[in-house]
Amino acid sequence: MISLKSIEFAYPQQANLFQGIDLEIISGSLFGLLGPNGAGKTTLIALMTGQLKPCAGEIHIQGLDYRHDRKRILSNLAVAPQDYAFYPQLTARENLDFFSNLYPQIGAQRKARIQEALELTGLQDQARKPARQFSGGLKRRLNLAISLLNRPAILFLDEPTVGIDPQSRHFILQAIRDLNRSGTTILYTSHYMEEVEQLCDRVAIIDHGRILAHDGINEILNKPARLQITFDTPTDSTSLPASLKALLQKTGFEYANGCLSGLPRDTHAIHELLKLLEAEKLKIQQITYGRQTLESLFFELTQTHLRD
Amino acid sequence: MLLAIIQKELRLLSRDIHALVVLFLMPIAFILIMSLALQDTMSDAEEDHPKIGMWIDSPEMQAKGIVETLSSPDGFRVVRFETKAAMLESLRADDLTSAVSLPAGFARALKAPHPAPEDRMVLIYSSTAPLVLRRLILASLSKSLAAYQMDRLFSSGIIASPNQAAQKQKFLGQSLITVRDQSRSVAQGHPSSVQQSVPAWLIFSMFFVVIPISTTLLTEKQQGTLQRLSTFPIPQGYLLLGKLIPYLGINLGQTLLMILVGVYGVPLLGGVGLELQGELWLLLPLTISISLAAISLALLIATRVRSVEQATTIGGISNLILAAIGGIMVPTHVMPEFMQATAGLSPMNWGLEGFFSILLRNGDLGMVAPELFKLLSMAGGLFLLTVFFYEKSMDKK
C-alpha cells in the first residue's frame, strides 16, 4: 500500500503546491491519477518515488519510510517518466544492460531480465538498434521496458501513451493490464479519460494541489445522472406555470436561467415532467440525461477553462 | 554499479565524434604544427649561438692547427671570412658579436716571450655586445690559446708527461671542476618548441573535457534521465563519481598519447623530438591533479548552465582565456613582465610549470608540490561547489 498523510510541499520561490494531501493506494490496484496540466501529478509521483522530499507529512510505501528504508523501497518500485528518460546514443539492449546493473538484487539474472523486458514490450527485434532511431512508439516501449527490469511491486507510469500511434498505445495498455493482473500495483497518469475509464479500478482527480475526487471507478461512474432540460425561451422563475412550480416542489428539481435540472427518482417521474411541459406548450431546446462519464466529472471538478 | 556508470560514460563518449576530435585530434594537430612552427624561434640550434667572425692572414696558420683550436670555443659559432674588410662589414652590421683577425706573424708571436704588437691577434667587439658576453669571448679565446700552447709544449718535448691529455685537462682546470649540464633551457629558463608544445596543448585538451561532460550531464538533465536515476537504489554520489572517474582515465590516456606524439611523432615530420628526462613518475600525480581540476571545472560549468550551447560557449571561452593568460598559446617567457605575473593565476599555467619542473629542471616532488597543491585545492573546492549546485538543481525539478 502507498499511503500519503498530510503531505505539504513547495518548490523554492513558489507558493505551496500541496497543503495537506492525504491519499491511499491499495496494493494490487491500477490507480488512475488525473488532473489538468500543472495540477501537481508529476510532483506527487516525484514525492512518492523519493525524488523529492515533502516539507511536512508522511509517505509510506508498503509500510516503509524513505527516511529509513530508501534503498529497500527503491529496489521494489520503478518509474516510467513522461520523458524518454534513457540514452538515445545507446542501443535498446545497452540501455537495458546499464539500468539493470543499477539494481543489485538482479545479479546473475540480468540477461534473463533484459530478455523478459524486451519480450514484454515487443522490442526483441529492435534490441540492437540505437534508441535515437526509434519511432515515438518504440521509445515509449523502451521507456516502459526499463521500468520492468526489477519486476517492481509498484510501477509508476507518467503518461505512458502520450504522442504515439494507436498500435503502440494498444500494446502498452495491454502490457499494463497484464502487469496488473500479475499483481503489480500501478499508478497511472494520463490525459486520455477513456483510457483511464477502461483501465483503472480506482481514480483520483487532482487540481491546484488538492485531491478533488478519490474513489473506485465504478462508484464514480455509477453515481445517479442529472436530467437537464433547456428551454427555447428562457423565462423568469416567477412566470413559470403554477402546475410546473408544483411539480418542481414535489420532485426537488431546480430552475435557473431557462434551465431545469435535477435527479429524477425514476423514469415515471421523467415521463410525468415531459408530459406537463408539452401540455404547458413550453418549447424544449435540449435534453441531456444518462450515465456520468469521467470526462464530464473531470470538467465539472476542474472547470473547462484553458490551462498552460 | 559504479562500473556500469563508468562503462556507460565511456560508451557515450566513444559515440561522440565531436568530443573525440576535441580531446584527441585537436591536441595532436596543435603539438605537431606548433612544435614545427616554433622550432626556429625556440630551438637550441647552433644558429642561436653568438657569432664570432675570424679572418686569417696567412695560410701557414692552418698547418699549425691553431685555427681548429680557436674555431671550437664552447658556446660560440665561429664564422670564417676571406677578407678582413668583409668581416668588419659584418661586425658593423651587427651580424657578429666580435671579430678576430690573425696576422701573418701570429705563429711567431706564439713562441716569442714579448710578441711584437703587429704579430698579435686582434679582437674587436661589436658596439652592441654586452659586457658579460665580451668577457666570455675573451675567456674562451684565452682558454683555446692555452690549450694550443700546451699541445705545442707537449709535442715539442719541453714538458714530458706519461699522460698528456690528463695533464692538459688538469692545467686547464677541467678535471678540477664537475660540470653538470642541465640543458641550455634550464640556464635560460626557456623550453624548446617541443618542450613547450607537448605539455601546453596536452593541458589545453585536458580542460576540454568540459564539452563531453556538460553534453552528457545536460542531456541527462533535459531528458529526465537524471531524475529517473534518482529512483534507483544507488548512492547519489555515484552519479558524479561516475563522471569523474572515466574522464580521469581519458585524461591519462591523452597524456600518454601526447607524450608519444612528442617523442616519436614530431621527429617523423622533421622536428626535434621530446626528450624524456628527470623523475618521470611525477608525471602521474601531476596529470591526475590537472585532470581533477579540469573535470571539477567542467562539472561545475555543466551544473550551472541550462543548455549544451551555453556549456560549449562558456567552457570554450573560459578555456581559451585560461590558455591565453596561462602560457599555453604564447610561452610565458616571451610575455611582458606584468603578463608573466598574471599567468600564475591560470590553473593551466600551474600544470605547465609542473611539467617544466619535471621534464626541464630535473625537479623532484618538493619542486612540483606547490603546483600539485594548487591544482588539488582548486579541484576540491570546485567539486564541493558542484555537489552543492547539483543537489540544489535536483530539488528544483
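## Chain A

Helices are DSSP runs of H or I with at least four residues, and strands are runs of E with at least two, numbered from the N terminus. On that basis, chain A of this predicted model has 11 helices and 14 strands.

Of the 308 residues in chain A, 50% are buried. The accessible surface of the chain amounts to about 15,200 Å², and carbon and sulfur atoms account for 48% of that area. When contacts in chain A between residues at least 6 apart in sequence are considered, 68% link residues at least 24 apart.

Ser147(A) belongs to the loop that runs between α5 (136-146) and β7 (154-158) of chain A. Its relative accessible area is 1%; because buried means under 20%, Ser147(A) counts as buried.

A polar atom of the Ser147(A) side chain lies 2.6 Å from the backbone oxygen of Leu144(A). Beyond neighbours within four places in sequence, Ser147(A) is in contact with Ala78(A), Val79(A), Ala80(A), Pro152(A) and Leu155(A), and also with Arg228(B) from the other chain.

## Confidence in chain B

Chain B has a mean pLDDT of 85, with 85% of its residues at 70 or more. Among the elements of this chain, the highest mean pLDDT (95) belongs to helix α15 (residues 283-304), and the lowest (43) to helix α10 (residues 183-188).

Residues 179-188 of chain B have pLDDT below 50, and this stretch has 15 contacts in the model beyond near neighbours in sequence. Where pLDDT is low, predicted coordinates should not be read in detail.

## The contact between the chains

The contact draws 32 residues from chain A and 23 residues from chain B. The area buried between the two chains is about 2,600 Å², with 60% of it given by carbon and sulfur atoms. Of the area that chain B buries against chain A, 27% comes from Arg228(B), Thr231(B) and Pro233(B), more than from any other three residues. Arg228(B) is also the residue of chain B in contact with Ser147(A).

Two salt bridges are counted between the chains. In the one between Glu94(A) and Arg11(B), the closest N and O atoms are 3.7 Å apart. On the side of chain B that touches chain A, α1 (2-14), α13 (225-229) and α19 (365-396) each supply at least two residues; α1(B) gives the most, with five residues.

Key: Residues are numbered from 1 along each chain as its sequence is written. Chains are lettered from A and ligands numbered from 1 in the order in which they are written. This is a predicted model: local features need pLDDT of at least 70, side-chain atom pairs count only at pLDDT 80 or more; totals for chains, interfaces and linings use all residues. Side-chain values use heavy atoms; hydrogens and water are left out. Buried means under 20% relative accessible area, exposed over 50%, partly exposed in between (1.4 Å probe, protein chains only). A polar contact is a pair of N or O atoms within 3.5 Å; within protein, one must be able to donate a hydrogen and the other to accept it, and residues adjacent in sequence count only if both atoms are side-chain atoms. Contact means heavy atoms within 4.5 Å. Accessible areas come from the Shrake-Rupley method with a 1.4 Å probe; for residues, only the protein chains shown count as cover. pLDDT is the predictor's confidence in each residue, from 0 to 100. Buried area is the accessible area (1.4 Å probe) that two parts lose on being put together, summed over both. A salt bridge is a side-chain nitrogen of Lys or Arg within 4 Å of a carboxyl oxygen of Asp or Glu.
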